[in-house]
Amino acid sequence: SINLTFGLYHLGEKSVVDEPLWISNEGRVLDFWDNLKEGELWKTKISDKPGVTVAIISGLGLNFVQREEIAPEKTVSSSKPVKVNFSFRFPILIFNLLMLFVFYYFLKNLFNQNTALFSLVFIGTSPAIIGLSTIVNPDALLWSFLPISLLSLLTFLKNQKNHFLYWSGVFLGLALLTKYVANILYVFFIFLFFFNLVLNYKKSKNSSFSETAKKCLKDYLVLVAMSLMTIYLLLPEIWVNPGQILKLTLLSEAFIKVYPLFLIILALLALDIYLLKSFVLEKLHNFFAKSRNLIVKLISVVFLILVGLTLVNVFSKMKLYDFEAVLLSPRSPSFPDDFFQMMFTDFYIICFGIALTAFIPIVFLLIKNIFYKKSKTENFYWSACLLIFILLYYLGSTVNEVIATVRYQIIIFPLMFILAAIGVDEFFLSLKIKNKTKDYLKIALLCLFSLISVYNLYSIKPFYLSYANSLLPKEYIINLKDMGEGSYEAAEYLNSLANPEELIVWTDRRGVCAFFKGTCLSGQDDFYQNEDKMDYLILFAGNRNRTVRTVHADYLRELYTVEGPSDFYLKKGTREKDFVKVINAKKIDKYNN
């Protein structure tokens with residue numbers, strides 16, 4: 001109910017960066033369905049993402065809009081923008097709402113009902129997840145597909161029930177059809193199979209170590225086959241050009257640099273398993289199995305140190321690393337070649353992008369993992385698997401020199417929330433009280449967390465991606481690369497002025513033009529050609545660096561400061577630095593600042 005209520009709020013009344021690429025008349029969603037209808041199957045891979053799941057689910061909105069109402073040729077202008085936006089976004093919102101129940105199913109099987117319930121509260125009320133679930137974008141679906149595939153495999157490793165293996169492959173296929181970054185699971189899953197074998201193998205009369213190793217490799221290949229089958233069934237281009245499946249997997253943008261190494265590792269594993277009778281793997285098992293607890297503790301130590309150093313850097317006024325400067329240019333070639341700077345910036349996002357009600361249980365879990373003497377549950381081990389994936393994901397993005405902004409690391413948010421739920425469960429396990437009393441406390445805590453989540457969402461609505469918890473000092477923000485949130489509100493202010501149709505405005509975010517009634521300009525050329533004709537400027541705080549770098553007008557620097565002039569000022573959430581402002585261009589002293 002909370003998820004749906006806040007997801008529906010202003011669902012159509014916003015314009016988002018990149019969305020016109022998907023829902024315009026020449027956009028990817030319509031392209032997919034048009035090509036399918038016309039039998040041009042070879043054109044159904046509508047993007048390199050590839051975003052096929054986005055086209056399928058969002059495309060349900062085509063039943064509620066007329067073709068002429070949709071914006072033409074990948075522009076933001078539409079005759080009925082609110083109706084069009086709502087129609088294409090609503091299916092994705094509802095689909096993600098249903099995915100919460102899928103999360104619950106796998107979490108209950110992997111952990112227990114308590115962990116599943118608390119995970120549901122954390123995931124379903126996360127501002128970042130709700131914010132991404134209300135736009136037409138591959139990340140809006142990837143946050144559920146990829147973590148569910150991982151959870152399903154962990155559940156299979158726990159109970160060896162084949163249907164969990166099959167589901168893991170299906171959701172991996174769906175993730176790959178959504179965004180190529182999901183290829184990371186091919187690498188992680190082969191690691192996970194044999195990490196689990198080396199640490200958890202127990203001698204059995206029915207199966208030797210070598211036979212168990214063979215089963216691991218076979219299970220992995222079954223998972224891969226299920227993922228490829230899912231891709232084949234849902235991407236018609238593969239039906240007429242099967243070779244294209246390589247561009248979604250081995251030869252994808254995310255995999256092209258590592259696939260030779262990946263194939264070598266697979267070959268070495270097969271060589272050891274089939275020719276050497278798992279000699280190397282068994283030696284590794286004999287060496288590491290005795291150190292299983294130490295390895296898991298070490299993983300928690302590394303994670304806790306990275307979290308702790310991130311907090312120290314922020315609370316010391318970012319003396320060591322300026323995270324905001326890094327985030328403003330996440331793909332800039334002028335990046336300092338500093339591994340730790342990029343890694344800590346990733347942690348900066350996740351530490352302050354989740355509510356304190358989730359952050360505190362995570363810290364508790366990490367500390368308990370490090371200092372426990374004897375675990376009564378498997379939470380200890382499975383939480384370590386989630387931590388390893390998060391660390392490897394950050395390592396991968398760092399090696400590729402990509403800073404994981406809020407949108408880019410949305411797949412990490414559900415995993416962090418699951419860790420938080422495990423932390424809550426471990427807290428209750430440590431309490432020496434009657435079970436009935438524990439049950440009442442759990443219900444009370446669920447209600448409390450839900451109420452706090454409602455307050456957080458209400459205070460930030462509808463700018464959910466701008467959320468940062470109260471642990472972050474007020475002078476900092478984490479969503480510096482915003483997606484144009486606030487465009488609708490700025491346009492509505494301009495439309496409320498006298499004769500808005502006669503106004504000429506310039507904006508650094510094109511989304512404003514979707515709702516403004518007058519002449520709306522954007523871009524470097526439009527600025528230079530119409531500088532003296534403009535009536536108003538609309539500036540977004542997150543676009544300061546890009547605008548100042550491309551539009552060489554000195555007076556713009558001052559306008560982007562919080563203290564700069566404004567006729568309309570919208571603070572997105574609770575932080576002054578995260579704003580949209582409308583400025584009367586006629587009142588600007590362009591030469592004397």
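The model is predicted; local features need pLDDT of at least 70, side-chain atom pairs count only at pLDDT 80 or more, and totals for chains, interfaces and linings use all residues. Residues are numbered from 1 along each chain as its sequence is written, and side-chain values use heavy atoms, with hydrogens and water left out.

The protein has 26 helices and 5 strands. Both are DSSP runs numbered from the N terminus (helices: H or I, at least four residues; strands: E, at least two). Along the principal axes, the C-alpha atoms fill a box of roughly 85 × 60 × 50 Å. The radius of gyration is 25 Å, which agrees with the value near 25 Å for a compact globule of 593 residues. This radius is taken over C-alpha atoms, and the globule rule is 2.2 Å times the number of residues to the power 0.38. Of the 593 residues, 58% count as buried. Buried means under 20% relative accessible area, exposed over 50%, and partly exposed in between (1.4 Å probe, protein chains only). Among contacts (heavy atoms within 4.5 Å) between residues at least 6 apart in sequence, 74% join residues at least 24 apart.

Helix 10 spans residues 184–200. Its 17 residues reach 23 Å from first C-alpha to last, close to the 24 Å expected at 1.5 Å a residue. The expected span is 1.5 Å times one less than the number of residues. Helix 10 is mostly covered, with 13 of its 17 residues buried.

Helix 10 also contributes to the second largest pocket. Helix 8 (139–159), helix 10 and helix 11 (209–234) each supply at least two residues of its lining. The pocket holds about 610 Å³ of space. Its lining comprises 20 residues, of which L157, Q160, N196, N200 and Y201 lie nearest the centre. By class, the lining has 8 nonpolar, 5 polar and 7 charged residues. Ala, Val, Leu, Ile, Met, Phe, Trp, Tyr, Cys and Pro count as nonpolar, Asp, Glu, Lys and Arg as charged, and the others, Gly among them, as polar.

Pockets and cavities were located on a 1 Å grid over the protein atoms alone. A cavity is a set of points where a 1.4 Å probe fits but cannot get out; a pocket is an open set with protein on both sides within 12 Å along at least five of seven lines; lining residues have an atom within 4 Å of a point. Grid points are joined across faces, edges and corners, and a volume is the space filled by probe spheres set on the points.

The structure holds 5 cavities of 30 Å³ or more. The second largest cavity has a volume of about 80 Å³. Its lining is V121, F122, T125, S126, P127, A355, T357, F417, S453 and N456. Helix 6 (113–124) and helix 22 (435–460) are the elements that give two or more residues to this lining. The lining residues divide into 5 nonpolar, 5 polar and no charged.

G173 is found in helix 9 (residues 162–178). G173 counts as buried because its relative accessibility is 0%. Beyond four places in sequence, G173 touches S227, T230 and I231.

Helix 23 (residues 487–495) is mostly covered, with 7 of its 9 residues buried. These are S487, Y488, E489, A490, A491, L494 and N495. They pack against strand 1 (504–507), strand 3, strand 4 (568–571) and strand 5 (579–584). Strand 3 (residues 536–540) includes F540. F540 is buried, with a relative accessible area of 0%. The C-alpha atoms of F540 and V580 are separated by 4.6 Å, although the two residues are 40 apart along the chain.
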